[in-house]
Amino acid sequence: MSDERLFERFKRLCEISSPTGSEREVADAVIGELRGLGAEVTEDDKAEAAKAGAGNLVARLPGSGEGWVMFSGHIDTVPHEGPIEVELAGGVFKSKGDTILGADNKAAVAVLIELVARHADSPPPLGIELVLSVAEEDGLRGAAAFDVSQLEAPFGFVLDHASPIGEVIVAAPTYKRLEATFNGTEAHSGINPEDGHSAIAAAAAAIDGMELGRLDEETTANVGVIEGGSASNIVAGHCRISAEARSIDGAKAAERIGAMVDACTWAAGEHGCDVDLEVIEMFRGYRMAKDSEPVGIAAAALANTGHDISRVATGGGSDANAFLASGYDAVLLANGTMDNHTPHESVPAANLTAMVEVCEAILTEAAAG
């Protein structure tokens, strides 16, 4: 069982560019490798629905016993400029340049292919079922479109949280996005500004009327984009803001986004503007039950591989949100990556090896149960 094989695979996958919407090349590479290991691989027909470059992949390798365990990761990354070059320095994988590394989530993809590779000639105790999704980085679109009824496994494990191995994520937020476009009246700012109605002033007033930041231990709100106007000497006729609210309590997320909508409506009226509003639920939050079977299996597997266990809530979303919203039991696990979505993204090589061992222990624990 060669770690070098795992490390080389990880490097190779990271260097295949696959931002959301452009997953075709990496999907073909993953399909080819898994089939070469003897796994059955299918690609669903959800590429169009997910606005992705490929469909979601499902791979299966039968086990020696009856039953299956599902493991999941995603093959897309956030956008980046220029090619990704990977280096291993001091035992840590990093990007050589100013790009992301792509460990989010190719660390998981490499680990899961290695799990199959280790059992290509010796069946695992239970069948391995992989779901490798597309378009995760923009609203979990691949997993949201995925048909969970096709799965053989009764539950699954999503390897996609950038925190120390040992964290089991038992709660995640509902995420609602607000797109607000203010339409005012243009006028020359030096000759007749009184004839104009500034869309930028309306947007600024709306933002000023919002509660932003961390609102309580499980609720946040943010305005991330404001753009508009055409020139400094023209009263702005248009302005757009992108905002969001998140809470592990779905009712709180709805309440906060509603208050942000009210702030936009009020500000538009005060400044003589119209406003077009769109609220999109990007994903739905969850709390895992205390007696959740996959949580118990994950905790036992992590303990058996020497990791300190902590059950935590997260402010981010993952494919686990989408699976759970579809009625399929899945638990999100930390996989030891760091600084995802930035040029400082990294993962220790030892964490890749450790996650293979954790997955092996999950198979053993699930079979024993």
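Let's start with S18. Leaving out neighbours within four places in sequence, S18 is in contact with E23, V26, I75, D76, T77 and K106. Contact here means heavy atoms within 4.5 Å. This is a predicted model, where local features need pLDDT of at least 70, side-chain atom pairs count only at pLDDT 80 or more, and totals for chains, interfaces and linings use all residues. Residues are numbered from 1 along each chain as its sequence is written, and side-chain values use heavy atoms, with hydrogens and water left out.

Where does S18 sit? In the loop between helix 1 (3–14) and helix 2 (24–36). A word on names: helices (H or I, at least four residues) and strands (E, at least two) are DSSP runs, numbered from the N terminus.

Is S18 buried or exposed? S18 counts as buried, because its relative accessibility is 1%. The cut-offs are these: buried is under 20% relative accessible area, exposed is over 50%, and partly exposed is in between, with a 1.4 Å probe and protein chains only.

Now the polar side of S18. Its side chain makes a polar contact with the side chain of K106 at 2.8 Å. The S18 side chain also reaches the backbone oxygen of I75, at 2.9 Å. A polar contact is a pair of N or O atoms within 3.5 Å; within protein, one must be able to donate a hydrogen and the other to accept it, and residues adjacent in sequence count only if both atoms are side-chain atoms.

Next, helix 2. Helix 2 has 13 residues and reaches 18 Å from first C-alpha to last, close to the 18 Å expected at 1.5 Å a residue. That expected span is 1.5 Å times one less than the number of residues. Which residues of helix 2 are buried? They are V26, A27, V30, I31, E33 and L34. Among the elements covering them are helix 1, strand 1 (40–43) and helix 4 (103–118). After helix 2 comes G38, with a positive phi near 95 degrees.

On to the cores. A nonpolar core is a set of buried Ala, Val, Leu, Ile, Met, Phe, Trp, Tyr and Cys residues joined through side-chain atoms within 4.5 Å. The largest one has 93 residues, and those with the most contacts inside it are F10, L34, F71, F157 and F323. Helix 10 gives the most to this core: eleven residues. A second, separate core has 23 residues, including F182 and A243.

Helix 10 (residues 349–368) also lies across strand 4, strand 5 and strand 17. Those strands form an open sheet, in the order 4-5-17, with antiparallel pairing. Strand 4 (86–89) and strand 17 are the edges, each pairing on one side only. Two strands pair if DSSP finds at least two bridges between them. Strand 4 and strand 5 (residues 92–95) have four bridges.

Last stop: H341. H341 lies in the loop between strand 16 (329–334) and strand 17 (346–348). H341 counts as partly exposed because its relative accessible area is 45%. Beyond four places in sequence, H341 touches V78, I100, D104 and E137. H341 and V78 are 263 residues apart along the chain, yet their C-alpha atoms are separated by 6.5 Å. Which side chains make polar contacts with the H341 side chain? D104 does, at 2.9 Å, and E137 does, at 3.2 Å.

Conventions:
Axes fitted to C-alpha atoms, helices over the stretch in contact; angles between N-to-C directions.
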